[in-house]
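Take the sequence and the coordinates together. The walk below goes through ring pairing, then helix packing.

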Amino acid sequence: MKNCIFTEGWENRLNEQMLTYNRCKKKAYICSPLGAPSKEQVLQNMQDAKAYMYYASEVLGCVARAPHAYLPALLCDKVPAERALALEFGLKLLEQCEILLVCGSRISDGMLSEIIKAAKLNMNILVFDDDIYTQTKKIVTTNGGDKSIVSLDRNHPMLACNVRLHGIGGDVT
């Protein structure tokens with residue numbers, strides 16, 4: 001990746017960005033996978049979500065929000081009531097955003113709910129992976145939305161894959 005923005009201290013800069021309100025910046029909701037077969041993979045997905053937030057903030061100029069980057073540290077995804085609370089919070093937070101950024105290389109069940117909610121809100125949806133773009137348009141139209149709200153952005157491939165593939169926030173796999 002050219003001019004890597006993930007230099008030492010990037011997570012601290014992300015936390016500082018979250019504490020600074022800038023009403024002129026577009027609010028973006030990060031939609032990326034959380035669930036995974038192992039605890040280590042879930043932790044990596046949380047780390048990926050933080051990296052997507054930081055990238056969206058630094059490169060796209062958005063105030064990025066990803067509740068799944070932090071809520072699993074407070075609520076257990078395996079406890080139905082806590083999972084429901086986390087999902088409800090995420091959807092409420094999504095309502096406060098102006099754009100949905102669909103990141104990663106797969107669509108999880110939680111992401112599906114977020115895409116459907118964004119479609120019902122007629123919110124712009126930006127996707128970074130060709131296959132996910134096709135899937136997202138189908139989800140939107142199947143749920144009564146207008147596929148024109150879905151756009152493909154190939155200029156930011158870092159948002160189209162698992163961050164660890166770039167060696168950010170974890171081991172290179």
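Buried means under 20% relative accessible area, exposed means over 50%, and partly exposed is in between, with a 1.4 Å probe and protein chains only. The model is predicted: local features need pLDDT of at least 70, side-chain atom pairs count only at pLDDT 80 or more, and totals for chains, interfaces and linings use all residues. Residues are numbered from 1 along each chain as its sequence is written, and side-chain values use heavy atoms, with hydrogens and water left out.

Start with Tyr54. Its relative accessibility is 2%, so Tyr54 is buried. Trp10 is buried too, at 8% relative accessible area. A pair of aromatic rings is described by the distance of the centres and the angle of the planes. Rings of Phe, Tyr and Trp (its six-membered ring) pair if their centres lie within 6.5 Å; planes under 30 degrees apart are stacked, over 60 edge-to-face, and the rest tilted. The count is one aromatic pair. The ring centres of Trp10 and Tyr54 are 5.5 Å apart and the planes stand at 45°, so this pair is tilted. Trp10 sits in helix 1 (residues 10-19) and Tyr54 in helix 2 (residues 39-58), so the pair ties together parts 44 residues apart in sequence. Helices are DSSP runs (H or I, at least four residues), numbered from the N terminus.

Now the helix packing. Axes are lines fitted to C-alpha atoms over the stretch in contact, and angles run from 0 to 180 degrees between N-to-C directions. The axes of helix 3 (residues 80-95) and helix 4 (residues 109-120) come within 10 Å and cross at roughly 30°. That makes helix 3 roughly parallel to helix 4. Angles under 35 degrees count as roughly parallel, over 145 as roughly antiparallel, 65 to 115 as roughly perpendicular, and the rest as oblique. Contact means heavy atoms within 4.5 Å. Arg83, Leu87, Leu91, Leu94 and Glu95 of helix 3 touch Gly110, Ser113, Glu114, Lys117 and Ala118 of helix 4.

What is the angle between helix 4 and helix 5? The axes of helix 4 and helix 5 (residues 130-142) cross at roughly 55° and come within 9 Å. That makes helix 4 oblique to helix 5. Leu112, Ile115, Ile116 and Ala119 of helix 4 meet Thr136, Ile139 and Val140 of helix 5.

Helix 5 also holds Thr134. Thr134 is exposed, at 51% relative accessible area.

Key: Helices (H or I, at least four residues) and strands (E, at least two) are DSSP runs, numbered from the N terminus.
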